[in-house]
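This briefing goes through one protein model by topic. Please keep the sequence and the structure open while reading.

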Amino acid sequence: MENDSLQTSLAWLRDILQGKIGHGFDTRVLQGLRVIHAEKGFMRFDFVVPKSVSDIDGNWNVGALASLVDLLGAVTIFSFANRVVTSVDFSVSYYSTAKIQEHVEIESKVTANRGKLLHVVIEVRRKGNGEVIAVGKQWMASNKQTLAQVSNV
């Protein structure tokens, strides 16, 4: 069962990356994302910031970064809980900017399990020197539906 939730969450992420599910914006903000390591409740990603998510100054748009953090948090929690989740509290702290084509590492980890409430922390760091770019914190509530059940509604 544990492996099923991990495999399902990775398949869900792959389908978003390929534009099969979700919104076009989701596919755009995740464009080029690579999974480096995945286990139940913990994932590490490699990402080069694409031009499609730049602001007017050539930086990674903060809204696109927040969307990426939200999506990866949900995928990581699904790998842990094997349930559809809904954000109930979400915050992103920005510590630095990242330029387009800059290489970053992203780590997402479930840090608390309170039954139906789960907490995930997503850290975005500059590749090479490890400087923190942003940290997202998210509480999500799970329900009893699986992705297959939601797709059939």
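Predicted model: local features only at pLDDT ≥ 70, side-chain atom pairs only at ≥ 80, totals over all residues.

Which residue in β6 does V124 stand opposite? The residue opposite V124 is A134.

**Sheet**
- The open sheet is built from 6 strands with antiparallel pairing, and their order is β1-β2-β4-β5-β6-β3.
- β1 (34–39) and β3 (85–94) are the edge strands, each pairing on one side only.
- On average, and with direction ignored, neighbouring strands of this sheet are turned by 15° against each other.
- β5 (residues 117–126) and β6 (residues 132–142) run antiparallel and are joined by 9 bridges.
- The V124 and A134 pair, already mentioned, faces across to β6.

**Nonpolar core**
- In soluble globular proteins, nonpolar side chains tend to be buried together.
- Here the largest nonpolar core has 37 residues.
- Among the residues with the most contacts inside this core are L33, W60, I106 and V124.
- Two or more residues each are given to the core by α1 (2–17), β2 (42–48), α3 (62–81), β3, β4 (103–114), β5 and β6.
- α3 supplies the largest share, 11 residues.
- Leaving aside residues up to four places away in sequence, L33 touches L13, L17, F45, D46, F47, L72 and I106.

**Helix α3**
- The 20 residues of α3 span 28 Å from the first C-alpha to the last, close to the 28 Å expected at 1.5 Å a residue.
- Of these 20 residues, 14 are buried, so α3 is largely enclosed by the rest of the structure.
- N61 caps the N-terminal end of α3, with a side-chain oxygen 2.7 Å from the backbone nitrogen of G63.
- Just after α3 comes N82, with a positive phi of about 55°.

**Residues with positive phi**
- N82 has its positive phi although it is not a glycine.
- N82 sits in the loop between α3 and β3.
- The relative accessible area of N82 is 13%, which is under the 20% limit, so N82 counts as buried.
- Q101, also a residue other than glycine, has a positive phi near 70°.
- Q101 belongs to the loop between β3 and β4.
- Is Q101 buried or exposed? Its relative accessibility is 56%, and because exposed means over 50%, Q101 counts as exposed.

Technical notes
Residues numbered from 1 in each chain as written. Heavy atoms only, no water. Pairing = 2+ DSSP bridges. Helix = DSSP H or I, 4+ residues; strand = E, 2+ residues; numbered from the N terminus. Axes fitted to C-alpha atoms, helices over the stretch in contact; angles between N-to-C directions. Core = buried A, V, L, I, M, F, W, Y, C linked by side-chain atoms within 4.5 Å. Buried < 20%, exposed > 50% of the residue type's maximum accessible area, 1.4 Å probe, protein only. Contact = heavy atoms within 4.5 Å. Expected span 1.5 Å × (residues − 1). Polar contact = N/O pair within 3.5 Å; in protein donor to acceptor, adjacent residues only side chain to side chain.
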